[in-house]
Amino acid sequence: QVQLVESGGGLVQAGGSLRLSCAASGRTFSDYYMGWFRQAPGKEREFVAVIGWSGGSTNYADSVKGRFTISRDNAKRTVYLQMNSLKPEDTAVYYCAAGRASNAYNYWGQGTQVTVSS
């Protein structure tokens, strides 16, 4: 089992920045791909970013490329999502997830709300 707890969400004006954190406990953190997803009201959950075991490989949704950066600190068992140049359409509940593959996630956090005002 892996337990995930997100933090760092909040209210920010368009153009601003936020950094989300996701702290993991349980099984070996470095064994897992870590991803960020988001779900806006009335919409399906969508992929945002993923990072490989060592942090050497990353992938992003087109909508956030160049604005968001995913990173991880295996010693601290934490994954981060730095979000810059935020837009109102980035408003959503953001979830982190852990999985053995980059497209298969077994564990999910409870989510943190990000609201971007125009």
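Let me begin with one term: a residue is called buried when its relative accessible area is under 20%, exposed when that area is over 50%, and partly exposed in between. Please keep in mind throughout that what we are looking at is a predicted model.

With that cut-off in hand, take Phe-37, which has 10% relative accessibility and therefore counts as buried, whereas Phe-47, at a relative accessible area of 27%, is partly exposed. These two residues bring me to the aromatic pairs, of which the structure holds six. In the pair made by Phe-37 and Phe-47, the ring centres are 5.8 Å apart and the planes stand at 75 degrees, so the arrangement is edge-to-face. Since Phe-37 belongs to strand β4, residues 33-39, and Phe-47 to strand β5, residues 46-51, the pair ties together parts that are 10 residues apart in sequence. The two rings also take part in one aromatic cluster, together with Tyr-105 and Trp-108.

Staying with Trp-108 for a moment, you will see Arg-45 lying over the face of its ring, at 3.7 Å from the ring centre. Elsewhere, Arg-72 lies over the face of Phe-29, in that case at 4.5 Å from the ring centre.

A further arginine, Arg-67, sits in the loop between β6, residues 58-60, and β7, residues 68-73. Is Arg-67 buried or exposed? Its relative accessible area is 10%, so Arg-67 is buried. If we set aside residues up to four places away in sequence, Arg-67 touches Gln-82, Met-83, Asn-84, Ser-85, Leu-86, Lys-87 and Asp-90.

Leaving out neighbours within four places in sequence, the contacts of Met-83 include Leu-18, Leu-20, Arg-67, Phe-68, Tyr-94 and Val-114.

Turning to covalent links, the structure holds one disulfide. The partners are Cys-22 and Cys-96, whose sulfur atoms are 1.9 Å apart, and with 40 degrees about the S-S bond the link is right-handed. Because Cys-22 lies in strand β3 and Cys-96 in strand β9, this pair ties together parts that are 74 residues apart in sequence. Both cysteines, Cys-22 and Cys-96, are buried.

Finally, I would like to look along strand β11.

Strand β9, by contrast, pairs with β11 in the antiparallel sense over three bridges, and here the bridge partner of Val-93 is Gln-113.

Technical notes. Residues are numbered from 1 along each chain as its sequence is written. This is a predicted model: local features need pLDDT of at least 70, side-chain atom pairs count only at pLDDT 80 or more; totals for chains, interfaces and linings use all residues. Side-chain values use heavy atoms; hydrogens and water are left out. Rings of Phe, Tyr and Trp (its six-membered ring) pair if their centres lie within 6.5 Å; planes under 30 degrees apart count as stacked, over 60 as edge-to-face and the rest as tilted. Helices (H or I, at least four residues) and strands (E, at least two) are DSSP runs, numbered from the N terminus. Buried means under 20% relative accessible area, exposed over 50%, partly exposed in between (1.4 Å probe, protein chains only). A charge sits over a ring if NZ of Lys or CZ of Arg is within 6 Å of the ring centre and within 35 degrees of the ring normal. Contact means heavy atoms within 4.5 Å. A disulfide is a pair of cysteine sulfur atoms within 2.5 Å. Two strands pair if DSSP finds at least two bridges between them.
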